[in-house]
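I open the notebook on this entry.

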Amino acid sequence: MHAARRRTALATTAVAAVALTGATVVSASTAHAATGCRVDYSVASQWPGGFTGNVVLTNLGDAMSSWSLQWTFGAGQEVVQAWNADISQSGSSVTARNVSYNGNLGSNASVSFGFNGSWNNSSNPAPSSFSLNGVACTGGTNPTTPPPNPTTPPPNPTTPPPGQTPTGLVGWATQNGGTTGGGNASPTTVSNSSALSSAISGSGSAVIRVSGTISCSGMLNVGSNKTIVGIGSSATISGCGFNISNQRNVIIRNINFRNWNDDAINVQTESTNVWVDHNSFTNGYDGAVDIKRGSDYITVSWNRVFNHSKSMLLGHSDNNASQDRGHLRVTYHHNWFDGSGSRHPRVRFGNPVHVFNNYYYDNDYGVASTMDAGVLVEGNYFENVDDPTHVGYAASDPGTLVARNNHFVNSGTPETAGGVASIPYSYSLTTASQVKSVVTNGAGTGKIGL
């Protein structure tokens with residue numbers, strides 16, 4: 001049995017509020033109207049090694065069409081995942097920029113965003129100052145407008161507008177034009193297999209919200225330009241899986257897959273730009289997430305696989321080089337392989353395949369690089385894994401594998417060989433020793449506020 005995950009809400013909320021002119025950091029109650037900005041920063045919940053931060057930015061100056069908010073962490077905190085903002089971090093300096101749907105910020109208007117972060121368990125203070133579009137938020141002027149209605153709560157920072165792609169996507173799915181799924185399409189909610197099958201078909205843009213448990217069998221075909229997302233933590237697909245074949249631009253998030261009788265998610269036949277994020281997989285027949293037959297530009301992130309054997313296959317056979325070489329480029333990050341058997345992933349031909357910041361616990365083996373594949377394995381946490389990595393596996397010829405900055409607890413020595421192609425996108429690594437805490441508290445369903 002695995003220990004239950006726990007988040008403890010803080011009894012008090014750390015808040016910083018600042019304005020653009022002057023020289024003093026003031027409280028939220030006094031910085032209610034000035035030429036500049038107000039920032040309300042709070043720690044909504046905190047657990048060993050991780051926390052959730054919420055930020056509300058109020059523009060008290062002229063209207064703007066884009067915004068960039070900067071701050072500095074004072075105790076080594078690191079942003080791991082964000083929503084409603086694009087967040088980058090260099091050392092202790094953090095920059096949060098608007099995304100496509102919230103750049104316009106009128107006078108006295110507010111925008112909210114949130115993030116999951118890591119901390120060192122000794123202190124987690126709020127930043128003491130912020131700057132907006134490069135101008136320091138340091139003080140206040142005489143009020144020029146009445147304060148916002150104090151009875152109106154700020155927007156929910158964990159829920160993006162319907163249809164919009166949440167932030168947090170990194171890796172190969174950001175390339176080749178990016179992955180937006182159904183984009184701005186009005187959401188459709190489904191609660192049975194026939195409605196689900198109909199909603200996910202065709203190539204038109206659609207956002208499909210899964211409600212409750214949907215029982216089905218076989219494989220349901222998913223068309224291009226779809227976002228399929230579960231509502232809450234209980235949305236479940238039981239007995240069947242999704243087949244994405246010769247399609248592009250698909251997002252699957254926040255769904256419990258169980259008891260599937262083929263694959264849970266099968267990406268094949270040169271499908272591109274797929275994001276599989278924050279799902280849970282248990283007790284299925286074959287692969288949880290299998291990617292094959294020339295598919296490309298895919299990110300698999302923040303998923304949990306447990307009570308299941310064959311997790312994630314990349315490349316279906318040794319004799320498919322003609323279709324697979326130059327493709328099968330996939331990023332696997334912040335997944336929780338929780339006592340699952342093998343294939344985390346098992347790779348053929350793809351180069352570079354990027355495996356970072358995953359938590360491996362009590363697995364038969366971790367990553368296998370075969371058939372001239374090139375795999376970068378970095379910043380992962382391996383616990384009770386005798387064979388963290390293989391170079392070559394079973395009857396398959398070896399690939400290449402680079403392992404760096406990983407953390408090992410009661411685990412064997414990784415096999416490595418050769419080099420891999422360079423990674424073309426930017427990403428931020430969680431410190432390997434913190435990955436277990438960050439991933440076990442952030443992976444799986446019910447963590448993205450939908």
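First, a term I need for the helix entry: helices are DSSP runs of type H or I with at least four residues, numbered from the N terminus. I also note that I am working with a predicted model.

Helix entry. I looked up burial in helix H3, residues 435-442. I found 7 of its 8 residues buried, so the helix is largely enclosed by the rest of the structure. The buried set is Val435, Ser437, Val438, Val439, Thr440, Asn441 and Gly442. I then checked the backbone just after H3. There Gly444 takes a positive phi of about 95°.

Strand entry. I turned to strand E21, residues 296-301. Here 6 of the 6 residues are buried, so E21 is largely enclosed by the rest of the structure.

Surface entry. Asp362, Asp364, Asp386, Asp387 and Glu415 form a negative patch. I followed up one member, Asp387. Where does Asp387 lie? I placed Asp387 in the loop between strand E31 (381-383) and strand E32 (389-391). Is Asp387 buried, partly exposed or exposed? Its relative accessibility is 32%, so I logged Asp387 as partly exposed. The class runs between the buried limit, under 20%, and the exposed limit, over 50%.

Notes:
Residues numbered from 1 in each chain as written. Predicted model: local features only at pLDDT ≥ 70, side-chain atom pairs only at ≥ 80, totals over all residues. Heavy atoms only, no water. Patch = residues over 30% accessible without salt bridge, like charges linked within 9 Å, V, L, I, M, F, W, Y side chains within 5 Å. Areas by Shrake-Rupley, 256 points an atom, 1.4 Å probe, with all protein chains shown as cover. Salt bridge = Lys/Arg side-chain N within 4 Å of Asp/Glu carboxyl O. Lys, Arg positive; Asp, Glu negative; His and termini not counted. Charge placed at Lys NZ, Arg CZ, Asp CG, Glu CD. Helix = DSSP H or I, 4+ residues; strand = E, 2+ residues; numbered from the N terminus. Buried < 20%, exposed > 50% of the residue type's maximum accessible area, 1.4 Å probe, protein only.
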